[in-house]
Amino acid sequence: MSILTIPSKNVPIDQIPALVFPALLDTLLMVGIVMVIVVLVGIPLGALVHNLAPGGLFENPALHSTISWIVSIGRSLPFLILMASIVPFTRFITGTNIGIAAAVVPMSIAGIAFFTRIVENSLRGVPPTLVRVAKASGASPLQIIRTAQLSEALPSIIGGLTINTIAMIEYSAIAGTIGAGGIGYVAVTYGYQRFDNTVMLATIVILVATVASVQLLGDRLVRLTTPHAQTRAPRASRREASLV
Amino acid sequence: MISLEQLTKVYGHGEQRTVVLDRLDFSVDAGEIFAVVGPSGAGKSTLAQCVNLLERPTSGSVLVNGENLSRLTEKQLRVARRRIGTIFQSDGLYSRRTAAQNVALPLEYLGVTAAETRARTAELLDRVGLATKAGHYPHQLSGGQRQRVGIARALALRPSVLLSDEATSGLDPDSTRSIVALLKELRDDLGLSILFITHEMDTVLQVADSVARLDHGRIVESGRIVELLRDPASGLGRALRPARSHERAAADATEWFVSYTSATVPADWLTRLADRLGVTVSLLGASIETVDGATVGHASIGVVGADHEHLIAAARSLGLDARPAQAEQAAQAEILERVA
Ligand SMILES: Nc1ncnc2c1ncn2[C@@H]1O[C@H](COP(=O)(O)OP(=O)(O)OP(=O)(O)O)[C@@H](O)[C@H]1O
Ligand SMILES: [Mg+2]
């Protein structure tokens, strides 16, 4: 076994930041690019799937089940398998099958499938009366989707986007194992293959901190976009304050 | 003005085929408030949705100001719907928009300039008495206030027709009264035709000029409120009369139910009736009011020892209809069951 023959030569503590922080930047870059693509494609696709469904604006059962089926395949493959199975496609698009560029392709596909479902589910939560209100007020289909569906579902979509982003950070670590770089790559090559526990610990701390920050930011954005969450919070705390 | 001609709506096919609206014919004139009542599932909401073509009628036509909406394409409908304001049951406000932004929606869809939108929105909110609440979100408003925002929004494009599906359901009596007063005021000022759908009979009495009762997709009775109230045989007229409890008659007296059937009932009919019959007549309970300037009313009286035929004839000569109270109570109970 080749791993066992590698001498466990630990990275000195003072060199860990120089190893881990560039890797964190790579991860953020990878996830950042992927999330931009995911949002740009997932929102229209989610809105389309929602409105092709029975009762939607462009009801079309055949098209709905076709798209829905494709999305489900994207959702059901474990990421590692999805990544491996589309290597030729990835190479066709990016000209390479390693590095950040190569990781972005499978991550975007998995992310789009995930986010399409999230958007669809969020739109389902919008009261159907609002679409009727928009129609009765003279809205065009695009205006209906923008104002009565997406805008009303925004807090829920942002909540889902947070979950999605965290999942992509996770996927970026898996992509790291095939040489995509980033925190996952460092964790696997130093922490796992060389038994460098210090590096392992550092990557864990960084990943936990990153995920926690994303969650915090997401929660804050959800609150900012929900009018009743904003006004209820201070009122509640005032009441608590007066009780003390 | 709204006219329906043979309006029919059928849902489903084959086994599941249900005729929800069955060849409806009626019209609502400019400046008229027309109420539609009926039990749950009668097809009231379906009717409202067919009038602004949110649902396509299966057959028949909907004419608004003479234009046949049922023939229009979706695009043409968007234009035609500007003439129809719709007030929704659950107010239908966008939760992430302030009152002013909600009122501005139809203007935004139409592409009106920001400055014009601001001016019109302010004017509309002022019109419904919410000038100070422009920046409030729906959750910061009461049910009645939210409904007012919905009314302001329905008026944004200066429609000539207003559709209201259960606009006052779930509101307390005071809010209902003020919404009703607002609608009447709007009708007077703007000459709107208002189709007012409700299941609350006392609201009908407050707001409408005419009323139709829908049951199983058919209009089973309709007419002007005053005429229905004066027609002792009318089920709707009965349902419109608030059934109040009254005193019981003395043991030796029989109880009669008397209702106004003409516009010229003398105010002292009770003493006149007693004089004419030469017997004692006691008043057990009564409700006399003016609806649209016309007096309508009904009373329960106790009569000792009068001949039935004589009593009925004497009452008729005074412009009243008299019938034994027991028969009336049974009829009232039956009709209330059918309407609400
Ligand atoms: N989209 C639909 N598909 C099939 N049937 C429908 C549909 N919409 C309504 N119906 C049926 O039409 C009938 C009338 O419904 P509608 O909502 O118009 O009643 P309503 O008079 O407004 O009742 P309520 O007072 O409870 O609001 C009901 O039996 C309902 O099941
Ligand atoms: Mg209804």
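## Basis of the description

The model is predicted, so local features are given only at pLDDT of at least 70 and side-chain atom pairs only at pLDDT 80 or more, while totals for chains, interfaces and linings use all residues. Residues are numbered from 1 along each chain as its sequence is written, chains are lettered from A and ligands numbered from 1 in the order in which they are written, and side-chain values use heavy atoms, without hydrogens and water.

## Chain A

Chain A has eleven helices and zero strands; helices (H or I, at least four residues) and strands (E, at least two) are DSSP runs, numbered from the N terminus. Its C-alpha trace spans about 75 × 60 × 25 Å along the principal axes.

Of the 244 residues in chain A, 44% are buried, a term that denotes under 20% relative accessible area, with exposed over 50% and partly exposed in between (1.4 Å probe, protein chains only). Chain A exposes about 12,800 Å², of which carbon and sulfur atoms supply 69%; accessible areas come from the Shrake-Rupley method with a 1.4 Å probe.

## Chain B

Chain B contains twelve helices and 14 strands, and its C-alpha trace spans about 75 × 55 × 30 Å along the principal axes. Buried residues account for 54% of its 340 residues.

B:Leu7 lies in strand β1 (residues 2-11) of chain B and is buried, with a relative accessible area of 0%. Beyond its neighbours within four places in sequence, the contacts of B:Leu7 (heavy atoms within 4.5 Å) include B:Leu21, B:Leu24, B:Leu47, B:Cys50 and B:Val62.

## Nonpolar cores

A nonpolar core is a set of buried Ala, Val, Leu, Ile, Met, Phe, Trp, Tyr and Cys residues joined through side-chain atoms within 4.5 Å. The largest has 48 residues, and B:Ile151, B:Leu162 and B:Leu183 are among those with the most contacts inside it. Helix α6 (residues 173-190) of chain B gives the largest share of this core, five residues. Domain 1 (2-230) and domain 2 (241-339) of chain B both contribute residues, so this core lies between them; the domain bounds come from an automatic or database domain assignment.

Leaving aside neighbours within four places in sequence, B:Ile151 is in contact with B:Ile87, B:Val128, B:Ile179, B:Leu182, B:Leu183 and B:Leu186. A second, separate core of 46 residues includes A:Phe114, A:Ile118, A:Ile166 and A:Ile169.
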